[in-house]
Amino acid sequence: MQDIEDLVRGGDHQRLLDATAAWSDKQKRAAQAWLAEYWSAEAEAIEAAFAQNGDSTRWMHALIAVVATARTPKQALALRPPGSRTTGVAEWDAVCDLYAARGEAKAALVNAVARNGRDWTQAYLKLLIGGKRKKPMYADVLLALMKGFGLDSPDEAFMIEAWARSFSTLMPYRLPEDPPAPFVRKVSRLWLDNNSDGHDGRDGHWLAHGEEIDAPSSVDVAAALFGLKDMVRAVFLHKDAVMHLIGGWLVAERSDHASRTLAGLLKAGFLDRRTVAEDAVTALTRNDSVSAQRLLARLLLAVEPSPQLIAPLADTLCGVMASAHGSAAECAQTLLQRLDAVEPLDEDLFVNACQIVFARKEKGLRQAQLAWAAKRSQSRPALLAASLSGLAGALMVDDFAFQKDAAARLLKLAGPLATADRDALDARIDSLRAAMDPTIYATLRPTSPDMDADSAPAPAVPFPTTHALAITPQASHAFLPINDASRGVPDAPDGSPLVPGDERLHSIEHIIEFAVRAHNAGISDLSEHMRARLGKPMEAGKRRMLLAVQGRDRMPEPAKYDSDYWHASRVPLAAAAVEMRASEVVEALASGQPYALVSQPSYLHGAITADDLVTRLRRLAATGTTAGPLDLLLALMRTQQPDAARLDALRAVGTAQASSALSFFEAGGMEQLQTQWQCVGGEPVTRYSRPSHWAATGEREVCVTLRPMQQLPDIDGTPTRWGEGFAPEAVQDVWYWDLLERNIVQAMPNNPEAMAAMHLWGFRKAGADFESDGGKAFACSLPLFLAAHGPAGPALHLAVLFCMSANHIEGRLVGSDGLLELIHQGRYDSALACELAAAAIDCGTLKAGRLAASLAQVACAGPQAPVLWPLISASVHAALAKAVPPTNTHDLLALASRVAGSLGIRETIAPLEAVAARKGSTKLLLEARRLQQLLGMA
């Protein structure tokens, strides 16, 4: 093998390819064996050379030799490219590095793969990026192979990400204290012959070429990237892919640099300006992440589309202003304003744009739209009527100063209007009267025939006392009696075929049941299939669940970062029982011994009836077998509290496991876990000094304490910490990726209150002003907690209230549906909800405006207004009792006025009279006076 050794150690790439092309299969096998020994001996030195000075010559020689001598695509993957990692998507961080290999080496690698033919190359690409775990490879090499043979990407989204990460290496990132550095790059460039004239390379008659070029700017480097035009379009047309252009970091410097690079590519003619503009606008209409929308807006402005390019996109840009993030809406507004300055917008389109912007909450957008409308009115007399009609939309904004500014502009500009146009403007102002401050309306329409001299606001629109708007709760089922036979899980007949793919295998509980039954019946093939299917999802989390149930106080601190250890501290210990029972089943089936299963649910939501538990324990006693310890523990956690007759039946079983169950249920069973709410905080403490984040910032918070069990199940080898209770300062911070149905409903199907207490900080994050990561996921998981049966205490009520005040509209909708669900289920405790809402508003946890909007949705969903009034009244009392009422308290007062007016309520809210007596005409004071009048306190 002297030839291959000489070629790898000292020959050039082309000589290596030419020599191996004529080798026989025997020679290639021998070369593969030598390369394996060579890499084993030289890998450390080769990697060290690359790490020290970026020299990848020997590495690429070996890689090309491996590919050139491989007889199958799988053999070609025996060696990875230089600088690559070995796990997850992070592989691509290094392989996209432009310093990793020279252009000549990449071209030789492409040719080494391509000479095996189209089918071989397609299989090679599928092995690289077709599976879940991607193999490292250069993005431009992959693209060259696809283009040369006309192949589609096995994973288009991942291919786009890989190419965009190559682009992101052009975006320098410096710390603020770092001095600026000149842009100096050498970059590898690939190209294919016979493609420029339309030849697609399907017959293999094409060749890749590569070279190193000097790149004095990022534009020159980007222009050298393979597939520039197609990939830029693909990045814009795929959701959130644009963030990979800057490496996923929305750093201002990197974003600006990306914008300048894109502008340079357009100016140099490498990209088509119209196509990029259309793709960017289309991307803004998607529901991309906020970060992606911000970057897209910057890139679109960098394109600098001409009015001729914007004109066909005007309607689309108007839609962007309505639905996109503020930065994207601002971009759309800027482009439309530029178009309007050259070519006036259609009158209806302009008025619609004004209504859209004035309905948004961003003050800067609204102010810019007001200035645009005013300037348009002054500079273009022919468009005065339409401009003032759009400007009048500013009168609907719930901001007294903004309304006053808009009214002043209207009075100043409306003089030249014709009579018909003036009448139309007056009619529009009249239509907006309900949203306007009375004094402003009086200024604009002093001669209105129905003008009331009193400055009190117009009467509130009452809520209907009958069902007006149907809102379907997000919980998947109504709250039916626990013994309703329609909710039972049907057992498959013993003789029914249990085949892979059966529709009953959707649940992990069914998989466990079928696996055990097949194992005990001696159906080894099916048992092995079910065990593999069950073990696969459990394998990743098995170790961290073991760590969790062993008790973190007995776990030694790891010497270095250990992800399993870290995750274990964020798993509810009650949920760990579900995961560990599954692992226990897998291990028992692997041992070949029969397994007795007692924890299978009797009902869909996971509960076990007391009769079923007694029957299963009797069967075990009759056969002389015992249940697995974790299986028995989960059965006791799932079983309904037995009555006296069932306790006597348990006592009669007489086995040790039945006695453990009897002692547990005689002490109260799962009902022993009780919660009590309290306020914590008020004094600054050190952040992250304990597992919980409650009051970590020194702010007061409303939370719960979980009281410990007096009698835990006496089962050897099972965890106990889940029943030991906790104070708010000691509860672990649960992570949102553990929000699985089997870890919530099926862990404690009869005590949702305890599970809500364990996850309460997650619900609090839904509306938090800090560290809100995962809060949206917790809010959207609320229906899982409401699906469990049992009393609803302070933890579950707080979870609903936190969701109703969430940062995201999705969370608030789930919170409104959750309150409806509690009311329909008969578990809503009005007095408790009033106490919690008042305390949370006093602590600043609940936002008055968000709470008002959520309560209004519940009130509109049916005849809930009488049930809700105590909660609304308590919230108003708590908000007005503060020295400075919370922001948007007037929304809460407006809701109270509507409900009180529809129900004819007469009562006293102590702080209301003092607030209503203050001088002024702010929205808060006007709504306070209205509510005072409706409650009969005037």
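Modeller: Welcome! A helix here is a DSSP run of type H or I with at least four residues, and a strand is a run of E with at least two, both numbered from the N terminus. This is a predicted model, where local features need pLDDT of at least 70, side-chain atom pairs count only at pLDDT 80 or more, and totals for chains, interfaces and linings use all residues. Residues are numbered from 1 along each chain as its sequence is written, and side-chain values use heavy atoms, with hydrogens and water left out.

Biologist: How many helices and strands are in the protein chain?

Modeller: The protein chain has 44 helices and four strands.

Biologist: What makes Gln825 buried?

Modeller: Buried means under 20% relative accessible area, exposed over 50%, and partly exposed in between, with a 1.4 Å probe and protein chains only. Gln825 has a relative accessible area of 9%, so it counts as buried. This residue is found in helix H38 (residues 809–825).

Biologist: What joins the side chains of Gln825 and Arg827?

Modeller: A polar contact of 2.6 Å. The term asks for a pair of N or O atoms within 3.5 Å; within protein, one must be able to donate a hydrogen and the other to accept it, and residues adjacent in sequence count only if both atoms are side-chain atoms. A polar atom of the Gln825 side chain also lies 3.4 Å from the backbone oxygen of Leu786.

Biologist: Why is helix H20 described as largely enclosed by the rest of the structure?

Modeller: Eight of the nine residues of H20 (residues 384–392) are buried, so the rest of the structure largely encloses it. Leu384 and Gly390 are among the buried ones. Their cover includes helix H18 (347–358), helix H19 (363–379), helix H21 (400–413) and helix H22 (419–431).

Biologist: What is meant by the largest nonpolar core?

Modeller: A nonpolar core is a set of buried Ala, Val, Leu, Ile, Met, Phe, Trp, Tyr and Cys residues joined through side-chain atoms within 4.5 Å. The largest has 144 residues, and Tyr124 and Trp163 are among those that touch the most other members. Helix H4 (residues 57–69) gives the most to this core, with nine residues.

Biologist: Which residues line the second largest cavity?

Modeller: They are Trp163, Phe167, Val232, Phe236, Leu245, Ala258, Leu262 and Leu299. On a 1 Å grid over the protein atoms alone, a cavity is a set of points where a 1.4 Å probe fits but cannot get out, and lining residues have an atom within 4 Å of a point. Helix H9 (156–168), helix H11 (228–237) and helix H12 (252–267) each supply at least two lining residues.

Terms used. Contact means heavy atoms within 4.5 Å. On a 1 Å grid over the protein atoms alone, a cavity is a set of points where a 1.4 Å probe fits but cannot get out, and a pocket is an open set with protein on both sides within 12 Å along at least five of seven lines; lining residues have an atom within 4 Å of a point.
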